[in-house]
Amino acid sequence: MFDMGEMGKMLEGMQENAEKLQQELASKTYSVKTGGGLVELSINGNGEVVDLVIDESTLTDKNMLQILLIGAINDANKMVQDNQQKSAVGMLGSLNNMGNPFGGSK
């Protein structure tokens, strides 16, 4: 049987978990190096660049620097996306343990 009270509790718990997860993800920092360390990039869980270190030797070769920056940005963004997906899957898995608000068995 459908229980509105249980459904409300479940939705409230989901919202709290989603907000907590978003805060946890935003507080993480991901760092990558490209070109054997010629470019080092750090971004937070929101995908915002928080640090960038460029070796001076790359400043004379614009094309190489562009390639290294693109690679670093793409690698870092991929790390953030992968972590977000894993965290979301983990959160969805935990919903199975919250019970069934519609009654019956899980």
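Buried is used here for residues under 20% relative accessible area, exposed for those over 50%, and partly exposed for those in between (1.4 Å probe, protein chains only). The views show a predicted model, in which local features need pLDDT of at least 70 and side-chain atom pairs count only at pLDDT 80 or more, while totals for chains, interfaces and linings use all residues. Residues are numbered from 1 along each chain as its sequence is written, and side-chain values use heavy atoms, with hydrogens and water left out.

View A. Thr58 is buried, its relative accessible area being 0%. Its side chain reaches the backbone oxygen of Asp55 at 2.7 Å, where a polar contact is a pair of N or O atoms within 3.5 Å, one able to donate a hydrogen and the other to accept it, and residues adjacent in sequence count only if both atoms are side-chain atoms. With neighbours within four places in sequence left aside, Thr58 is in contact with Leu38, Met64, Leu65 and Leu68, contact meaning heavy atoms within 4.5 Å.

**View B. The open sheet of three strands, in the order 1-2-3 with antiparallel pairing.** Strand 1 (29–34) and strand 3 (49–54) are the edge strands, each pairing on one side only. Strands are DSSP runs of E with at least two residues, and helices are runs of H or I with at least four, both numbered from the N terminus; two strands pair if DSSP finds at least two bridges between them. Strand 1 and strand 2 (residues 39–44) are joined in the antiparallel sense over six bridges, and Tyr30 stands opposite Ile43 in strand 2.

**View C. The largest nonpolar core, with 10 residues.** Such a core is a set of buried Ala, Val, Leu, Ile, Met, Phe, Trp, Tyr and Cys residues joined through side-chain atoms within 4.5 Å. Its members include Tyr30, Val32, Leu41, Ile43, Leu68 and Ala76; strand 1, strand 2 and helix 2 each give two or more residues, and helix 2 gives the most, with five. Leu41 touches, among others, Tyr30, Val32, Ala72 and Ala76, not counting residues up to four places away in sequence.

**View D. The one salt bridge found in a search of the whole structure.** Asp82 forms this bridge with Lys78, the closest N and O atoms being 2.9 Å apart; the term requires a side-chain nitrogen of Lys or Arg within 4 Å of a carboxyl oxygen of Asp or Glu. Asp82 and Lys78 are separated by about one helical turn, because they lie four residues apart in helix 2 (residues 62–95). Asp82 is partly exposed at 27% relative accessible area, and Lys78 is partly exposed at 46%.
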